[in-house]
Amino acid sequence: MDAAAADAHLARDVDPVSRERLEAQGLEMRMVTDDADRDAFIQVVARGFLDPELTDEQVRETRSRGSYRRLTGVYDPQTPTASAPVATSASWLSELTLPGGGVLPGSAISAVTVAPTHRRRGVARALLEAELRSAVAGGVPLAMLTVSEATLYGRYGFGPAAPAANWVIDTKRAGWRGPGRSGRVDFISRETWREIAPALHEEVRLRSVGELEIPAGHWDSFAGTRPDAKDPGKRRAIQWRDDAGRVRGAALYTVTENSDDWTKSRVDVTSLLAVTPTAYAALWRFLLELDLIGEIHAGELAVDEPLWWMIADQRAATITLRDHQYVRIIDVPRVLEGRTYSGSGEVVLDVEDSLGLSTGRWHLRVVDGIGTVEDIGDSAAAAPVVRLGIEELSAISLGGVSVATLAAAGRLAVDDAETVSLLFLTARAPRLSFWY
Ligand SMILES: CC(C)(COP(=O)(O)OP(=O)(O)OC[C@H]1O[C@@H](n2cnc3c(N)ncnc32)[C@H](O)[C@@H]1OP(=O)(O)O)[C@@H](O)C(=O)NCCC(=O)NCCS
């Protein structure tokens, strides 16, 4: 990520439209910058997500890792605890990988909470619209988030763009029919995993559509290397080296013993990073063949994991699909030109956006996978037309759903569903491997 752009995002002042709207309700919206205010903000976010009150150490450790976050707070001078916000949101710039391997900066939004005392009066809407207008002001082409409830963000134009597959594998049944062994797996310390994982993720995310940069603060939480980590010793870390001795993969997992039957203990995979298919196969095989383990739980996988084709008995895996990475396109031409396509062709996209940020009519011409976009205003279309909302265009953007599927669901109208769908076709399903 371009550091100057990230800093400019961080320094952007509060959105005046939302500030005025909340002022009319006697509420004050402002950026949260000094340490004491950031500490109060962190406690309010914890309460909003149903966590217990944090200790001073937890607050301090969270704050010390959170300087990349632009915090917006809404304050009510009438409350007895007026120094604590009644509503919160956070955002930072992160790179999103698009089909074809290009990346675009997006505003990653998190920590959206409104106190139960102030719910359902439009405060969350004011915060979300403010985040989007701030992104527009900074020339940021899209926004993204992961969500607590699937029904919250469609109204602001966010579409579920990269679903997640959550796996439970019956290891006694799975068997292995993937590639044979090569390289070597070794245990490493959590601290070593913490050191090597960011660089591995960096390689992986640049070739994985839907992935983002992982914020620096997340790594210590994954690894249990924060001083306030709960049960840090439960995490086990491994690395995989190829025959030349290069580390090309690593995994982090926890084990929960089943004291009724030790042979049915459980593994939860926190992270599996594999730069090469060989590393991927070796790490999964290691986990599947662990003695005394009956079940492996792994979340936020792709819907087309190669693992499905590496186990001998596909019914050993119970897979649950869920919406995960939401994307909100702001700058339609930049996003459409930022990704690649399949073959050549053309289409007119007639886009409706209830917030008015991305409404328009664009002619997308694709030659050998490369798209160029022209704003054609009200002119007549000389290509098949897709009429759709920004939520649906955002859902399509990473290749997580096809135009034909959304047409069949009645979510858009298209002149020639098959031709247009083939243009947007991608080789692999998008994926996001973590929450933020
Ligand atoms: C979700 C939450 C932020 C909503 O805040 P809020 O200030 O009550 O929301 P608003 O009054 O601004 O409502 C905005 C819109 O969302 C809708 N909405 C709000 N909460 C909703 C919910 N839980 N489910 C579905 N729709 C909801 C409102 O009906 C309203 O719709 P409209 O503007 O299209 O008419 C708040 O309930 C909360 O803090 N929940 C717990 C933490 C959480 O889950 N945060 C989201 C993290 S991703």
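Student: At roughly what angle do the axes of helix H3 and helix H4 cross?

Tutor: The model is predicted, so local features need pLDDT of at least 70 and side-chain atom pairs count only at pLDDT 80 or more, whereas totals for chains, interfaces and linings use all residues. Residues are numbered from 1 along each chain as its sequence is written, and side-chain values use heavy atoms, with hydrogens and water left out. The axes of H3 (residues 35–48) and H4 (residues 56–64) cross at roughly 110 degrees and come within 10 Å. H3 and H4 are therefore roughly perpendicular to each other. Angles under 35 degrees count as roughly parallel, over 145 as roughly antiparallel, 65 to 115 as roughly perpendicular and the rest as oblique.

Student: How are the axes and helices defined?

Tutor: Axes are lines fitted to C-alpha atoms, for helices over the stretch in contact, and angles run from 0 to 180 degrees between N-to-C directions. Helices (H or I, at least four residues) and strands (E, at least two) are DSSP runs, numbered from the N terminus.

Student: Which residues make the contact of H3 with H4?

Tutor: On H3 they are Asp35, Arg38, Asp39, Ile42 and Gln43, and on H4 they are Val59, Thr62 and Arg63. Contact means heavy atoms within 4.5 Å. By class, the contact of H3 with H4 has two nonpolar, two polar and four charged residues. Ala, Val, Leu, Ile, Met, Phe, Trp, Tyr, Cys and Pro count as nonpolar, Asp, Glu, Lys and Arg as charged, and the others, Gly among them, as polar.

Student: And H2 with H5, at roughly what angle do they cross?

Tutor: The axes of H2 (residues 16–23) and H5 (residues 123–137) cross at roughly 165 degrees and come within 8 Å. These two helices, H2 and H5, are therefore roughly antiparallel to each other. Val17, Ser18, Arg21 and Leu22 of H2 meet Val123, Arg125, Ala126, Glu129, Ala130 and Arg133 of H5. That contact of H2 with H5 comprises five nonpolar, one polar and four charged residues.

Student: What about H7 and H8, where do their axes stand?

Tutor: The axes of H7 (residues 190–205) and H8 (residues 216–223) come within 10 Å, crossing at roughly 140 degrees. That makes H7 oblique to H8. In the contact of H7 with H8, seven residues are nonpolar, one is polar and three are charged.

Student: Changing topic: how many residues surround the ligand?

Tutor: There are 21 residues around the ligand, and the closest are Val112, Val114, Arg120, Ser148 and Arg155. A residue is near the molecule if one of its heavy atoms lies within 4 Å of it.

Student: Finally, where is Arg246?

Tutor: Arg246 is in the loop between strand S8 (235–241) and strand S9 (247–256).
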